Structures are given as structure tokens and as C-alpha cells.
Amino acid sequence: MVFIKALEEKILKEGKVLPGNVLKVDGFLNHRIDVGFIMEMGKEISEIYKNEPVNKILTIESSGIAIAFAAATYMNVPVVFAKKNKSSNISDNLYSSPVTSFTHKNTYDAVVSKDFLGKDDRVIIVDDFLARGNALNGLIDIVNQAGAELLGCAIAIEKGFQNGGDALREQGVRVESLALIESMTEDSLTFRR
């Protein structure tokens, strides 16, 4: 709870709300990374999932990687990240799921090599933001394609008013958000308790 309060305070102090329900926190989370703070975030995620038999963390490039790495450091498990496009150094032996980006307003195929995710994996998904749930739904689809077990999701900042997290929870997916924003305008931001 102490870290969650610190994250909320950091969002209020350093975050900026842009038109279109965009929360800009690039000064510590996804452009310039506050390494010490991100490591504390990873520690918090590891505490939340300490009683689960996690053996792999799945995220999506690029902003989720730092948080996933921090959590994996404390959990002593590998991180696999979905690429947003198939590059020439990835074989055709992969899982793929279409994802529509809220921030970038485009659709891409998230891909993961079948070499790195399989039926013996017990996975948590880690990401920086959860708005409508598009990225998480794509990653959950990839976990399901692999026959792996999804133990839950850990999110740095959830925009609860966009309902993606609530929809996933209603489907029985465990979603743990370190900061859950209830409402957001250019002048105010409130958190769900």
C-alpha cells in the first residue's frame, strides 16, 4: 500500500492529462525511466503474486518491458515480450494476435515466438497502462494459443473509467493495478480505492 500511495503521488505531481484521455507520465515510466522507482514497482508486483507459481512474465514492447524486467528480477523468472511487428529475425513459428492501440490509434499484430511460450508456462502479464484492454486481450489470446496458464495481470496504471480492467475482471481474469484512476480531466484526477 505504501508503494501504491507513492505511485499515485508521482502521477499527480509529474503526470499531465492530454486531450483524448491520454495520461502522459513519460518523465518516469515510458520515455525516461526512473530506474529506482520502476524497481520498486517490480518489487510490489512480485509481492502481489508471491503465492502464485509464476514461471514466466509476458509483456508487450516497448513500455511494458522495463516494468516486466523489474518484476522478473524479484521473481527470478524470464520475461518474454510480444513484438508489435514480425521482423526478419523471427521465424514464422509464432503466435500472433491483432491489437488496436488506444494511444497510437492503429492496429498491429502482436507476435511471440513459439520457442519462448508453451503449455508448461504459468504466466503473468505485465504492462504499463490498461485503458480499454486491447493489449491485454491480445496477450491473453497469445497465452491461450500457447496452451499456457494465465495466473493474472499486473498493470502500473489503469484508467478505470475506460472499463477495460472491469471487463477482464468480469471474465474471471485477475487484474492487479498499482494505480487505478477513477476519473480524469485536464484539471483533476481521482483514484479508485
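**Nonpolar core**

I began with the largest nonpolar core of this predicted model, and I counted 36 residues in it. Leu-23, Leu-29, Met-41, Ile-45 and Ile-157 have the most contacts inside this core. I then listed the elements that give it two or more residues: the helices are H1 (2-14), H2 (26-30), H3 (35-48) and H4 (63-75), and the strands are S7 (122-130), S8 (149-159), S9 (175-184) and S10 (189-191). Which element gives the most to this core? I found that H4 does, with seven residues.

Next I looked up Met-41 and set aside residues up to four places away in sequence. Met-41 touches Phe-3, Leu-7, Leu-29, Ile-67, Ala-156 and Leu-178.

**Backbone**

My background for this page is that most residues other than glycine have a negative phi, and most peptide bonds are trans. Where is a peptide bond cis? I found one from Glu-61 to Ser-62, with omega near -5°. Ser-62 lies in the loop between strand S3 (56-60) and H4.

I then noted two asparagines with positive phi. Asn-76 has phi near 55° and is found in the loop between H4 and strand S4 (79-82). Asn-163 has phi near 70° and lies in the loop between S8 and helix H6 (164-170). Asn-163 is partly exposed, because its relative accessible area is 44%.

**Aromatic rings**

I searched the whole structure for aromatic pairs and got two. For Phe-3 and Phe-37, the ring centres are 5.0 Å apart and the planes are at 40°, so I wrote this pair down as tilted. The pair links distant parts of the chain, with Phe-3 in helix H1 and Phe-37 in helix H3, 34 residues apart. Both of these residues, Phe-3 and Phe-37, are buried.

For Phe-28 and Phe-37, the centres are 5.8 Å apart and the planes are at 85°, so the pair is edge-to-face. Phe-28 is buried, as is Phe-37. Together, Phe-3, Phe-28 and Phe-37 form one aromatic cluster.

I also looked for charges over ring faces. Lys-10 lies over the face of Phe-37, at 5.0 Å from the ring centre. Arg-174 lies over the face of Tyr-49, at 4.2 Å from the ring centre.

**Glu-8**

Is Glu-8 buried or exposed? Its relative accessible area is 5%, so Glu-8 is buried. I placed Glu-8 in helix H1. Leaving aside neighbours within four places in sequence, I found Glu-8 in contact with Ala-179, Phe-191 and Arg-193.

**Salt bridges**

How many salt bridges are there? My count comes to twelve, and I looked up a few of them.

Lys-50 forms a salt bridge with Glu-47, and their closest N and O atoms are 3.2 Å apart. Lys-50 is exposed, with a relative accessible area of 53%, while Glu-47 is partly exposed at 45%.

Lys-56 forms a salt bridge with Asp-121, with the closest N and O atoms 3.1 Å apart. Lys-56 lies in strand S3 and Asp-121 in the loop between strand S6 (106-113) and S7, so this pair ties together parts that are 65 residues apart in sequence. I noted both Lys-56 and Asp-121 as buried.

Arg-169 forms a salt bridge with Glu-158, and here the closest N and O atoms are 2.7 Å apart. This pair links distant parts of the chain: Arg-169 is in helix H6 and Glu-158 in strand S8, eleven residues apart. Arg-169 is partly exposed, with a relative accessible area of 28%. Glu-158 has 0% relative accessibility, so I counted Glu-158 as buried. Finally, I followed the salt bridges that share partners, and they join Glu-158, Asp-166, Arg-169, Glu-182 and Arg-192 into one network.

Note on methods: Residues are numbered from 1 along each chain as its sequence is written. This is a predicted model: local features need pLDDT of at least 70, side-chain atom pairs count only at pLDDT 80 or more; totals for chains, interfaces and linings use all residues. Side-chain values use heavy atoms; hydrogens and water are left out. A nonpolar core is a set of buried Ala, Val, Leu, Ile, Met, Phe, Trp, Tyr and Cys residues joined through side-chain atoms within 4.5 Å. Buried means under 20% relative accessible area, exposed over 50%, partly exposed in between (1.4 Å probe, protein chains only). Helices (H or I, at least four residues) and strands (E, at least two) are DSSP runs, numbered from the N terminus. Contact means heavy atoms within 4.5 Å. Rings of Phe, Tyr and Trp (its six-membered ring) pair if their centres lie within 6.5 Å; planes under 30 degrees apart count as stacked, over 60 as edge-to-face and the rest as tilted. A charge sits over a ring if NZ of Lys or CZ of Arg is within 6 Å of the ring centre and within 35 degrees of the ring normal. A salt bridge is a side-chain nitrogen of Lys or Arg within 4 Å of a carboxyl oxygen of Asp or Glu.
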